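Subject: Structure handover and findings

Hello,

Here is the structure for you to look over. My notes follow below it.

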Amino acid sequence: MTQKSMSEKNLWQRLPVRWRVIFLFLALVAASYGVRHWFPMTPDLREGQHRVSVAELAVESVWETPEEVRAAVVAQGAAIGDISHKTSRLNGVYVSKLLPTGQKINIAYSEFSPRNVEMPASPNIPEGGVPATPDASALDSAKKKAEELYDTSKRAVADAWRHWRDGSSERVPVLLLHGAARDGSSLDEIARELVRTGSATRVIVPDLPGAGASQREVADYSIEAAAGEMFELLNVLGIEKVNVLGYGQGGGIAVYMAHQNPVRVKSLALVSSSGAQEFELLGNHIVNKIVYTFHLGFFKLAQDVLPHFGLMDSGNINKAFARMLWDSDMSDLKAFLRDWQGPIFLAHGKDDVVMPAVAAEYTAKLAPQAQTHFVAGGHEVFLDNPLTLTDNYAAFLARVSVPAEAKKLSRAAPVPATEAFPPIEAAHGVRVLVLMLVILVCTFVAEDPTCLASGLLVAQGLIEFIPATVACLVGIFIGDSVLYLIGRFLGRPVLRKAPFKWIISEQEVDRMSDWFDKNPKGFALIVSSRFIPGSRVPTFVAAGIMKLNMAKLVLLFFIAAAVWTPPLILLAEKVGAGVIDKFKEWHHNAAWIVIGAILALWLITHYVIPAFTWRGRRRHVMMRRHWTRHEFWPQFILAIPPMLHYLWQALIHRSWTLFTLANRGLGADGGLASGSKFEHYTKFLSDKNNPAVASVSVKTLYVPVSENLDTRTENVLALMRENKIAFPCVMKPEIGDGGVGVCIVRSREHLRNWLEVNADAAVLQEFVGGNEYEIIWSRRPGRATGRIQTVVQKDFVVVKGDGERKLEDLIWADDKGVSNGKLFSKLNFRDANRVLEAGETYALAPIGSRIKGANFVSRPELRSGKLADVIDRLADACGDVHYLVLDIRAASDEDLLDGNNIRITGVKGAGASAGTIFDGYVRMGMAYSRAFRQMSYCFSIGAEVHDEQGVKPALSTLRLFEIWGTARGRSDNYVKIPHDENS
């Protein structure tokens with residue numbers, strides 16, 4: 001592309017689409033952040049709502065075993081220090097979660113009474129039967145236990161004790177706790193009905209922290225933390241005792257409140273609540289934690305990264321909602337419910353699919369004193385029609401307020417801790433379908449882990465073996481079929497687009513396609529890929545691209561899944577109980593255990609097991625070299641020091657583009673490495689009548705952009721015929737650097753495939769054989785001769801056959817080939833199984849590009865005077881050039897030394913990377929020192945030209961970053977190699 005044609009587009013038009021999308025996205029993120037910062041959209045207080053500030057978790061409970069007297073501890077000020085661990089048992093005393101004191105959170109609440117709902121109050125039912133203050137011996141015993149836990153000299157535990165009030169003339173208020181993804185307004189109608197019917201004279205409906213108008217950012221969103229915060233709210237309101245009703249997830253908070261301070265909870269009510277952990281999602285805290293981790297990650301990304309302009313801040317389905325599910329541990333609720341001796345009311349919809357009615361039935365087994373109320377309807381039946389709840393709950397409250405009736409609704413003693421829990425009834429009806437649907441969806445993300453998780457559910461009795469197996473089988477079968485259909489109907493182009501290109505390699509698909517070509521009846525590969533990690537996705541996509549018989553494949557998909565799935569589920573079922581028991585012992589560190597297990601499994605499969613094979617040990621050699629030898633490090637890391645040095649030079653000379661004046665003869669960009677290849681080449685070798693120029697030139701043609709692929713292919717073929725260029729030839733992107741996209745094209749079909757994945761302007765060049773070298777030449781202004789600074793040979797890495805081993809084995813056995821064994825295996829997969837004849841050579845990297853696997857070797861002994869003289873004459877013919885980086889092909893070192901029979905294939909100028917950086921035998925310090933000197937040299941020449949001739953850089957700063965951005969945004973797209981490269 002000429003400079004004129006490049007200038008026809010502005011900076012925005014020249015940027016690759018991916019960079020445009022990134023910039024637009026970042027702009028939206030910045031705008032969203034500004035809107036959220038300056039115009040926060042957090043909900044305001046509703047009518048009749050108040051906001052109070054409470055100390056976070058200032059109420060803590062310490063008590064002995066349920067068989068003994070319970071005592072309550074109210075922490076004050078610094079009585080409890082910074083203890084961030086979760087629930088623990090020390091010295092036989094149960095201590096609820098402790099967080100740093102002194103932190104304040106704002107909680108919004110609504111209060112309903114006969115006064116604010118404009119209804120007369122019903123006569124008060126006499127209050128009585130208030131639990132007596134614990135006797136002195138019980139208080140002393142609990143205090144002694146507390147002193148064993150805390151340093152009393154610092155925390156003053158003795159000051160934390162106080163006695164409960166003996167009674168009140170006012171009836172005990174009702175505290176309503178809403179569920180997940182909601183706020184207190186969802187329970188307002190229930191509160192009003194309770195007051196209107198005279199069932200309660202005071203109802204408190206808070207917005208839990210993280211929801212509604214309460215504080216959105218808190219340290220802990222768990223139901224355990226919320227229970228402590230509710231007690232603090234009651235303290236602020238001067239309420240000693242409440243009837244607690246929890247709806248949905250609020251039921252878990254209610255149970256924790258009853259457990260932490262049973263003296264302050266008059267009665268407990270669970271409405272559409274799970275009760276036991278086994279009825280929450282997949283039934284196991286560890287498995288749920290894994291699922292909620294992905295759930296939380298999605299909401300954190302959505303709320304903190306995606307530009308939503310505050311919309312997610314104003315709702316209740318957001319990061320706080322996900323954190324509540326992730327932070328909460330319901331494993332102990334079953335024990336807490338069995339320990340609860342007070343009155344308990346259960347209300348549930350018979351048709352609830354979110355939380356099945358069997359959950360309430362199981363809670364009734366844990367707490368036999370429970371009063372149950374089942375109605376026809378789903379999870380929100382009581383929200384849609386509050387009367388279906390309030391009528392029965394009002395009767396329950398009336399009985400609780402009478403001491404004699406309250407005693408009848410209570411248990412005389414807790415269930416012994418040694419007694420086994422009632423068995424969990426396996427899911428049935430709609431609950432089975434819900435669990436099967438969850439399992440099926442999870443198989444789309446991770447098949448084998450889902451099968452193992454399903455086995456754990458079977459082990460716990462939550463679902464039977466056959467439904468779990470069917471769900472896994474159907475999910476895996478659907479996933480495999482979708483992969484086949486993607487390949488069949490969307491074809492190869494979809495593999496170059498996100499997200500498919502992130503998980504499916506075109507080389508792997510080509511490998512599988514080759515296998516099908518050579519083994520047309522080899523459908524057994526479909527079944528075998530199910531048992532080979534990493535091969536399933538490319539195999540099924542390749543089968544679709546090849547359009548193999550769909551009826552046979554569908555049958556094979558089913559057979560493969562049926563053979564693989566049941567054993568995995570059975571394995572997890574048999575060992576699952578023991579694993580779950582161990583997790584219960586260490587459930588506070590469950591997340592780290594899971595992460596450690598995944599990491600250990602990855603290390604075992606990627607390092608330990610492969611170490612027992614020759615190929616695996618050779619892979620270890622490759623990985624070790626990639627970590628310890630800088631020539632194999634990613635190029636963006638190696639480019640950081642030179643870029644920093646460039647920024648320093650630009651700062652010193654107060655110009656971003658001053659270095660381009662060192663090579664005005666190469667164009668306005670001074671031969672910038674990522675600039676126009678065609679322009680640089682043609683300007684440097686423009687004097688075709690000069691014998692010196694003619695002898696080193698290679699036929700180089702410009703290929704413009706064309707919307708039609710077939711037309712563009714024919715145009716390139718016409719150029720080849722007109723200029724007598726035969727296959728193989730070289731195709732290069734017009735804008736690019738580091739060998740990205742450069743390819744030796746060997747046939748018409750190969751050319752078409754290259755043009756298909758490289759739609760931008762390109763350069764067609766005659767192919768020249770021989771060794772490839774990189775020459776860095778410089779000459780000060782006003783001098784007649786220049787000097788060669790460095791010579792780097794680009795080693796193509798050649799292996800030699802022995803008549804016995806396959807090419808792939810030769811790659812891994814070769815000392816140079818093993819360094820990039822994985823790359824060479826992918827690039828040469830078509831010949832991977834070919835046995836090379838004895839003495840036959842095979843070039844693994846026929847292009848002198850680092851990303852294609854070529855080795856860079858410094859050759860200072862090749863800096864001869866004759867070669868420098870040849871380059872001097874070429875520079876004189878070109879004009880104003882003082883710094884050149886030339887790609888040269890020569891048949892031998894001797895030809896290069898003498899400057900005879902050499903061909904120049906590429907020309908770069910200022911800003912080109914020094915190849916010595918990629919030489920593993922040159923110390924990094926020395927390599928970077930040379931690179932820094934070369935950049936400083938170009939800036940010094942530019943400054944000299946500017947001072948003596950008054951010339952200013954023709955390249956603007958905006959244009960410079962435009963060219964760099966275009967080159968850096970280009971990726972080395974994979975080009976399918978046809979089977980017959982000589983066609």
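Threonine 469 touches Thr565, Pro566 and Ile569, leaving aside residues up to four places away in sequence. Touching, or contact, means heavy atoms within 4.5 Å. Threonine 469 sits in helix H19. Helices (H or I, at least four residues) and strands (E, at least two) are DSSP runs, numbered from the N terminus. Threonine 469 has 11% relative accessibility, so it counts as buried. Buried means under 20% relative accessible area, exposed over 50%, and partly exposed in between (1.4 Å probe, protein chains only).

Before going further, note that this is a predicted model: local features need pLDDT of at least 70, side-chain atom pairs count only at pLDDT 80 or more, and totals for chains, interfaces and linings use all residues. Residues are numbered from 1 along each chain as its sequence is written, and side-chain values use heavy atoms, with hydrogens and water left out.

The protein overall

The protein has 983 residues, and buried residues make up 53% of them. Its secondary structure comes to 38 helices and 24 strands. Take the contacts with a separation of 6 or more: residues 24 or more positions apart account for 77% of these. The protein exposes about 43900 Å², and carbon and sulfur atoms supply 60% of that. Accessible areas come from the Shrake-Rupley method with a 1.4 Å probe; for residues, only the protein chains shown count as cover.

H19 and H23

Back to H19. Helix H19 covers residues 465-490 and helix H23 covers residues 536-545. They pack at an angle of about 45°, with their axes 6 Å apart. Axes are lines fitted to C-alpha atoms, for helices over the stretch in contact, and angles run from 0 to 180 degrees between N-to-C directions. H19 and H23 are therefore oblique to each other. Angles under 35 degrees count as roughly parallel, over 145 as roughly antiparallel, 65 to 115 as roughly perpendicular and the rest as oblique.

The crossing of H19 and H23 is right-handed. A crossing is right-handed if the near helix is turned clockwise from the far one by less than a right angle, and left-handed if anticlockwise. From H19, the contact uses Asp480, Leu483, Tyr484, Gly487 and Arg488. From H23, it uses Arg536, Val537, Phe540, Val541, Ala543, Gly544 and Ile545. By type, the contact residues of H19 and H23 are seven nonpolar, two polar and three charged. Here Ala, Val, Leu, Ile, Met, Phe, Trp, Tyr, Cys and Pro count as nonpolar, Asp, Glu, Lys and Arg as charged, and the others, Gly among them, as polar.

H23 is mostly covered, with nine of its 10 residues buried. Among them are Arg536, Phe540 and Ile545. Just after H23, lysine 547 takes a positive phi of about 55°.

Helix H6 (residues 188-196) and helix H15 (residues 387-400) have axes that come within 10 Å and cross at roughly 40°. H6 and H15 are therefore oblique to each other. Their crossing is right-handed. Ile190, Glu193 and Leu194 of H6 make the contact with Leu387, Leu389, Thr390 and Tyr393 of H15. The contact of H6 with H15 has five nonpolar residues, one polar and one charged.

Helix H28 (residues 640-653) and helix H37 (residues 924-949) cross at roughly 25°, and their axes come within 10 Å. That makes H28 roughly parallel to H37. H28 passes H37 in a right-handed crossing. Pro641, Pro642, His645, Tyr646, Gln649, Ala650 and His653 in H28 meet Tyr928, Phe932, Met935, Ser936, Phe939 and Ala943 in H37. The contact of H28 with H37 divides into nine nonpolar, four polar and no charged residues.

Two single residues

Methionine 257 is in helix H8 (residues 250-260). Methionine 257 is buried, with a relative accessible area of 0%. Leaving aside residues up to four places away in sequence, methionine 257 touches Leu175, Leu177, Ala227, Met230, Phe231, Leu234, Val244, Pro262 and Val265. Methionine 257 and glutamate 229 are 28 residues apart along the chain, and their C-alpha atoms are separated by 9.8 Å.

Serine 849 lies in the loop between strand E21 (841-843) and strand E22 (855-858). Serine 849 counts as buried, at 2% relative accessibility. With residues up to four places away in sequence not counted, serine 849 touches Gly738, Gly739, Ala854 and Phe856. Serine 849 and aspartate 795 are 54 residues apart in sequence and 9.4 Å apart in space, C-alpha to C-alpha.

Best regards
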